[in-house]
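Visitor: Can we go through the charged pairs in this one? I'd like a quick tour.

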Amino acid sequence: MARSKAADTAEKSSSSTGKKYMKPSEIVTFGIGLFGVALLTGWMPDYTTTFFADFAFKGKGFDAASFANTVSLVFGVAGFVGAICELVIGILVDRTKTRLGKVKPWIGFGAVPLAIVALLVFVAPDTSSLTIASVWMFIIYALYTAVSCAVESPANCFGALCSPNPSERSDAISIASFLRSVGQSGGQVVIIVVGALMKALMGQQQFKNAEGQGIDLIISTAVCALGMVIFVMIFFANNKERVPYTSEKVSLAESIKLVFTNKNLLMVSLTKLTGFGRGVYGTVSLYIAIYLLGSKGLKLALMLPMGIGTAVGMLLVKQVLKKFSTKKTFIIFCLYGASSLAILFIVSKTVGFNSNLVVPFLILNFFCGLQHGNTNVTPNIMIADCVDEMEYKTGKRQEGLAYAGYGLFSKIAAAFTKYLGPFLVYTWSGYQFSTDPNVAYTVQDDATLSKFLAIYTIIPAIFVILQGVPILFYDMVGEKKERITAALAEKRAAQEAASGDAPDAVAE
């Protein structure tokens, strides 16, 4: 007996969420692409900060207080430039229609310009004018921020396009987020290897002089930039977008309305703003490595336990998500994260900020890192769910704007973080700049080191709690999520039946 078209449509609807659309190699190369982007963008902020503050204009006679304030403002302004760029790029991504898709062209064709601009950040003018130095820092880092947004934001939203199957999409995002997290620590490995090679080739004293001028930072950045281009090209060649996108043109006013009026997207985005101060630990981590462990190259020893904890945290998040909703998972990890940082602060104050603290500090860093598994994975899954909700309500699928909305708040938060972090490190702590061209970092007093500890632990702990507050109002979970997923699957099955076309599925 012949099957009706309605029966075929219903069967496609009921089975579509079980289809596998991505080849295993695509999941891996998606992660490799994010690894490559993070290899450079994860390296740049902290090492640009120390390059500007400690190397670029060493010995030029600038007033220390004025210069410290300028460095803080540079990163604050760049953060707001990034926020504007996120929104603009999100609009442009959603208007991009090519045979390669809507986000792949941005990632693939933006990689080389990003590498070039990143290298230009480390080419400082030889000037004794604080005005000229300030203008250069503002312009070059704002330019880097804009170009990095044009690559990083589309790369982040690829997860919403890689598969129409929410389960497969979540798995792909989880794996890619893990590799991105590894990439964020990659620059720390690079600088150790570069430093070791320079020392072997130049000798101890010549290497010390080169280090005092920040040459190892410049070479390491070049290595990371090259790696970024190679890994992005691997992604570009192997991956494809599979979720169909709508062709309506969206005005700027409609775009802004979309970003700010979708409650769930707004709540996920607000976590970045309410939790902006949790990122200040990154600004001070280099100096804790220098003054606690004895070398900036040993920042890896400081951050490796946290990185391992982040990787383990991602695995834990995946398991927790099997039992709890994204909302509950996010809140659980926020409470845990704040507690772990508070414990690190208490233990550190009890032991004392000295060499005896190294082992317990590194061990506790692992447990503090577990919380980052949540912030690296759960919001991306939530945003993909928000894209589904918006398509269900409006008929328009706008990944670019959804991730740009999150990115907009991320960049605003980053602007506050990038101002607050340098302010705390260079002004509030009483940090002393080195004036010796051949000495990278000068000795700091105990009061400064104690404040470094607070910047690394207790201040971020407060903001970890605050970032969980907006998620209390997030409701794209449970029956609502299941209902929307089923409705979209039915809609796509009907469209496939009508057009005779369907996204590529991988045979089971």
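**Salt bridges and a tyrosine**

Guide: Start with glutamate 479 and arginine 483, which share helix H20 and sit four residues apart, about one turn of the helix. This is a predicted model.

Visitor: How do the side chains of glutamate 479 and arginine 483 meet?

Guide: In a salt bridge, 3.2 Å from N to O. Glutamate 479 is exposed at 51% relative accessibility. Arginine 483 is partly exposed at 38%.

Visitor: How many salt bridges does a search of the whole structure find?

Guide: It finds 12. One of them joins aspartate 475 to lysine 263, with the closest N and O atoms 3.1 Å apart. Aspartate 475 is in the loop between helices H19 and H20 and lysine 263 is in helix H12, so the pair ties together parts 212 residues apart in sequence.

Visitor: Which residues are linked with Asp475 in a network of salt bridges?

Guide: Lys263, Glu389, Lys393 and Lys480.

Visitor: Is glutamate 389 buried or exposed?

Guide: Buried, with a relative accessible area of 1%. Lysine 393 is exposed, at 56%.

Visitor: New topic. Where does tyrosine 336 lie?

Guide: In helix H15, residues 326-351. Tyrosine 336 is partly exposed, at 29% relative accessibility.

Visitor: What does its side chain reach at 2.6 Å?

Guide: The side chain of tyrosine 336 reaches the backbone oxygen of phenylalanine 367. Leaving aside residues up to four places away in sequence, tyrosine 336 touches Phe367, Leu370 and Gln371.

Conventions
Residues are numbered from 1 along each chain as its sequence is written. This is a predicted model: local features need pLDDT of at least 70, side-chain atom pairs count only at pLDDT 80 or more; totals for chains, interfaces and linings use all residues. Side-chain values use heavy atoms; hydrogens and water are left out. Helices (H or I, at least four residues) and strands (E, at least two) are DSSP runs, numbered from the N terminus. Buried means under 20% relative accessible area, exposed over 50%, partly exposed in between (1.4 Å probe, protein chains only). Contact means heavy atoms within 4.5 Å. A polar contact is a pair of N or O atoms within 3.5 Å; within protein, one must be able to donate a hydrogen and the other to accept it, and residues adjacent in sequence count only if both atoms are side-chain atoms. A salt bridge is a side-chain nitrogen of Lys or Arg within 4 Å of a carboxyl oxygen of Asp or Glu.
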